[in-house]
Amino acid sequence: MNHFLFFILISCNLSMFCQQSWQPIGNMPEPKQNAQTLQFRNAHSIVEISVLSQEIIRIRYYPKPDFVRDHSYAVVKQDFPDREYEYSTSAQQSVIQTKALEIHVQHQPFRIEILDRDGNSLDKDDPARGMISVDASVKVWKRLREQEQIYGLGEKGGSLSKRGWKLGGYSFSMWHTDAFSYDASTDPLYAGVPFYMVLHEGKAHGIFLDNSFRTNFDIGKEDQGLLSFSAPGGELDYYVIQGPDPKDVIRRFTDLTGRMPLPARWTLGYHQSRYSYFSEEEVRFIGQNFRMKHIPADAIFIDIHHQQGFAPFTWDQDKFPDPKQMISDMRKQGLRIITPVDPHPKILPDHWVYQQGIAGDHFVKWPDGRVFEGAVWPSRDPVNPQNSVFPDFSRAATRLWYGDLFQERMEQGVAGIWIDMNEPAVFRSPSGTMPLDIVHDNDGLPTDHREIHNVYGLLSCQATFEGLQRIQANSRPFILTRGAYTGTQRYAAVWPGDDVSSWASLREKIPMLCGMGISGLTFVGADIGGYATSPSAELMTRWLQMGVFFPYMRNHSDIRTKHREPWVFGLKHEEINREAIELRYKLLPQIYNEFHKASETGIPIMRPLFLDFPTDPATYNMGSQFLFGDDLLVAPVLQEGADQHRVYLPEGSWYDLHTGKEFGGSQSIEIPVDLRSIPVFAKAGSFVFRQPVVQHTGEMDGNSLHVYVYPGTASEASFYEDDGESLAYQEGGFLKRHFVQKSSDTHIELALTEVRGSYRPSDRSLVWYIHRDQPVNKVSINGEEIPKAKDDPQSEINWEKGNGPFVKIRMTDRWEVFELKVE
Ligand code: MIG
């Protein structure tokens with residue numbers, strides 16, 4: 001070969017074809033200690049390790065001499081009370097000890113290992129690789145142990161456990177994407193949370209990578225024994241959160257990133273949606289059908305066709321001539337109206353939203369300062385197609401402006417805002433979103449779309465939520481969002497977009513929604529029926545039955561599919577579908593109670609079994625069943641044409657919610673099923689709070705409260721109520737009661753031991769259904785015998801043998817402590 005050519009080849013190789021390779025972090029000298037932080041610095045990198053609490057450690061790595069700014073869109077709390085730790089250092093290593101964790105930092109080469117205080121290694125950098133960087137990218141390699149399960153990462157398809165080691169592992173990206181008609185293999189989807197939980201032999205910890213760029217998590221894919229996470233920009237800024245109880249991991253993760261505020265009670269009813277209900281007549285017709293057919297419902301969604309030429313914040317005057325009147329008429333029937341407001345104002349020089357936005361400099365721009373214009377729904381208007389502009393939600397002033405835009409909608413009586421397309425999605429662009437160099441103000445520290453993309457949806461929710469709060473003080477805003485990130489639970493419920501209608505898609509919903517719950521997104525529910533295609537009658541019924549136990553219950557469908565309101569599949573299905581929705585309403589006291597708990601703890605309502613049974617390996621990858629709150633196990637029928645159904649019951653004893661039949665735990669049972677079956681089991685020792693069927697949540701007050709008691713040796717429960725709507729609960733306007741239960745062969749003792757809060761529901765009766773196999777001779781309250789109903793039907797309190805294995809005790813609900821004894 002001619003020498004000249006050889007020279008050219010070599011230099012091309014070096015300069016053009018050969019990518020720069022990953023650089024190891026290398027060695028570190030002894031750190032500087034400053035309050036809660038150890039700072040390590042070498043010629044090209046900086047690392048900080050901070051103790052945030054006894055269980056939470058923050059690690060920041062940046063391959064530059066210094067950090068740029070300490071900022072997070074996800075983390076809302078860092079000032080935890082107990083930040084004491086012990087620390088020692090030498091040339092070779094530094095050791096930090098808290099009450100819960102031990103951090104071993106090897107200086108040469110620089111590697112971090114985190115252990116619990118029993119010396120078990122929880123998290124460990126790969127000795128060969130550790131933290132590395134190339135250009136603006138940062139990455140860390142960690143050891144993955146044989147028995148380790150990985151969960152979470154937000155809205156992800158596939159199995160519950162993300163380990164998949166038999167298949168060679170998984171790799172997931174965080175880049176919110178409009179993934180129309182997706183299936184289990186599609187990644188990324190609309191929402192992602194760069195947080196995962198590790199479960200190893202029953203003990204859990206979590207890792208949250210606080211980086212909004214397009215992060216990637218490789219879980220044993222590139223190398224079966226290794227996990228890596230990386231980001232193409234920003235810091236490798238991550239939190240290690242100790243359990244060891246998996247619920248504590250979520251509690252602490254949501255301490256950091258916020259929790260779902262208690263939603264209004266009506267948001268927990270059944271919601272009917274369709275792309276689209278095209279006119280006022282159609283909306284009224286749908287509402288009337290629910291009421292005529294006695295199918296409970298609380299809300300109707302109108303989709304994008306309600307707008308004039310798809311312009312957000314407008315109404316099509318021909319189809320919806322008087323929204324205010326329509327909404328108020330619907331409201332009289334107990335039905336609220338929710339509309340979408342997609343965050344992409346249409347370019348309409350005469351429209352106030354566009355005018356104000358331009359005047360206030362509220363839209364994102366190209367690097368040269370021109371406003372970015374992109375095609376979304378408004379570009380599909382056949383009459384006046386126009387591009388859209390995109391509010392810069394990374395700017396506080398823009399969030400304020402945007403939130404105030406909802407004034408008119410709220411005055412019209414719209415009850416909730418549905419935010420779609422906020423990944424953000426942009427049509428006719430190869431990436432499906434805005435170009436990566438679009439500039440976001442980022443509150444005075446301009447950055448580009450690479451960093452803001454994944455938080456765009458979060459910030460659109462924040463702007464909307466805060467706007468609704470300002471407009472309607474003392475109310476609980478309801479927002480349903482598609483684009484979501486860590487912390488979105490602070491503002492909105494999340495639905496996982498446009499899947500398809502198939503049995504496989506139905507089955508995928510359990511692991512997906514459970515994974516979202518683990519990641520802090522508590523208020524979740526998928527489109528009942530599956531979005532993009534048409535379900536059979538049977539599939540629709542099964543989906544609806546499972547949807548009874550979605551935290552958020554909405555039936556929604558695409559414009560190209562057949563209608564799927566609960567009555568369209570013939571009388572038999574109408575009846576069975578009604579029964580499913582009625583079950584949701586019967587359980588609303590329980591559901592609301594679980595929402596209250598979740599709002600205080602962050603522990604998801606719809607949750608995988610391993611969260612409550614972390615030492616039971618049978619639960620580790622169980623994606624066919626879930627728990628609803630602390631006490632109910634839901635095992636929906638997921639097979640077409642099923643007449644037998646297998647249910648795994650973990651340790652303890654379980655009672656069929658419908659018949660009261662008891663089953664021993666730690667076993668799989670085979671039960672007969674038919675189209676009506678919704679297999680649900682109550683845990684021994686649980687209290688299940690119910691009510692008679694209502695047609696909407698507005699009918700709840702004054703309705704009797706039914707308390708089902710399933711005996712266990714000894715147990716307790718708290719039950720929460722409030723007005724369901726206002727913020728009075730934050731000032732003591734709630735009623736929280738504490739119940740205890742003790743049972744033996746000879747008797748059951750029950751007591752209401754504590755009454756807190758100033759809220760009192762309207763007069764009503766309290767009816768106990770106490771599960772009891774043995775014959776009952778005597779029931780007493782505070783030591784005094786209660787008459788039997790047949791002897792004294794007028795008595796304020798009496799008892800009778802109920803249906804099945806239940807004793808029924810009826811009394812006036814008095815908000816006082818008392819003791820009951822059944823013998
Ligand atoms: O590009 O508003 O996921 O729920 O019905 C499609 C119309 C836009 C996508 C949402 C879907 C909604 C539809 N939207």
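This briefing goes through selected local features of the structure above, grouped by topic. The model is predicted.

- Helix α5 spans residues 352–359, and its buried residues are Val 353, Tyr 354 and Gly 357.
- These residues lie on the same side of α5, because they cover an arc of only 95 degrees around the axis.
- Helix α6, residues 396–404, is included in what covers the buried residues of α5.
- Asp 361 belongs to the loop between α5 and α6.

**Aromatic pairs and a cluster**

- The structure has 54 aromatic pairs.
- One of them is formed by Phe 363 and Trp 401, with 5.9 Å centre to centre and 80 degrees between the planes, an edge-to-face arrangement.
- This pair links distant parts of the chain, since Phe 363 is in the loop between α5 and α6 while Trp 401 is in helix α6, 38 residues apart.
- Phe 363 has 2% relative accessibility and therefore counts as buried.
- Trp 401 has 11% relative accessibility, so Trp 401 counts as buried as well.
- Tyr 708 and Tyr 769 form a stacked pair, because their ring centres are 4.6 Å apart and their planes are at 10 degrees.
- Tyr 708 lies in strand β38 (residues 705–709) and Tyr 769 in strand β42 (residues 765–771), so this pair ties together parts that are 61 residues apart in sequence.
- Both Tyr 708 and Tyr 769 are buried.
- One aromatic cluster consists of Phe 313, Trp 352, Tyr 354, Phe 363, Phe 393, Trp 401, Tyr 402, Phe 406 and Tyr 456.
- Tyr 354 of that cluster is also one of the buried residues of α5.

**A charge over two rings**

- Arg 554 lies over the face of Phe 301, at 4.7 Å from the ring centre.
- The charged end of Arg 554 also sits over the ring of Trp 495, at 5.2 Å from the centre of that ring.

- Two packed helices are described by the angle between their axes and the distance between the axes.
- Helix α10 (residues 537–547) packs with helix α11 (residues 571–586) at an angle of about 10 degrees, and their axes are 9 Å apart.
- Angles under 35 degrees count as roughly parallel, and α10 and α11 are therefore roughly parallel to each other.
- On the α10 side, this contact is made by Ala 537, Glu 538, Thr 541, Leu 544, Gln 545 and Gly 547.
- On the α11 side, it is made by His 573, Ile 576, Asn 577, Ala 580, Ile 581 and Arg 584.
- Helix α9 (residues 503–518) and α10 have axes that come within 10 Å and cross at roughly 5 degrees.
- The helices α9 and α10 are therefore also roughly parallel to each other.
- In α9, the residues Trp 503, Ser 505, Leu 506, Lys 509 and Ile 510 meet Glu 538, Leu 539, Arg 542, Trp 543 and Met 546 in α10.
- Glu 538 of α10 takes part in the contact with α11 and in the contact with α9.

**Backbone geometry**

- Most residues other than glycine have a negative phi, and most peptide bonds are trans.
- The peptide bond from Gly 243 to Pro 244 is cis, with omega near -5 degrees.
- Pro 244 is in the loop between β19 (236–242) and α2 (246–257).
- Tyr 275 and Ser 276 are also joined by a cis peptide bond, with omega about 5 degrees.
- Ser 276 is in the loop between β20 (270–272) and α3 (280–292).
- Met 421 is not a glycine, yet has a positive phi of about 65 degrees.
- The loop between β23 (416–419) and β24 (439–440) holds Met 421.
- Met 421 counts as buried because its relative accessible area is 4%, where the limit is under 20%.

**Surroundings of His 305**

- His 305 is in the loop between β21 (299–301) and α4 (323–332).
- Leaving aside neighbours within four places in sequence, His 305 is in contact with Tyr 275, Ser 276, Phe 278, Phe 310, Asp 316, Phe 320 and Ile 559.
- Tyr 275 and Ser 276 in that list are the residues joined by a cis peptide bond.
- The C-alpha atoms of His 305 and Trp 503 are separated by 30 Å, and the two residues are 198 residues apart along the chain.

Note on methods
Residues are numbered from 1 along each chain as its sequence is written. This is a predicted model: local features need pLDDT of at least 70, side-chain atom pairs count only at pLDDT 80 or more; totals for chains, interfaces and linings use all residues. Side-chain values use heavy atoms; hydrogens and water are left out. Buried means under 20% relative accessible area, exposed over 50%, partly exposed in between (1.4 Å probe, protein chains only). Helices (H or I, at least four residues) and strands (E, at least two) are DSSP runs, numbered from the N terminus. The arc is that of the directions from the helix axis to the C-beta atoms. Contact means heavy atoms within 4.5 Å. Rings of Phe, Tyr and Trp (its six-membered ring) pair if their centres lie within 6.5 Å; planes under 30 degrees apart count as stacked, over 60 as edge-to-face and the rest as tilted. A charge sits over a ring if NZ of Lys or CZ of Arg is within 6 Å of the ring centre and within 35 degrees of the ring normal. Axes are lines fitted to C-alpha atoms, for helices over the stretch in contact, and angles run from 0 to 180 degrees between N-to-C directions. Angles under 35 degrees count as roughly parallel, over 145 as roughly antiparallel, 65 to 115 as roughly perpendicular and the rest as oblique.
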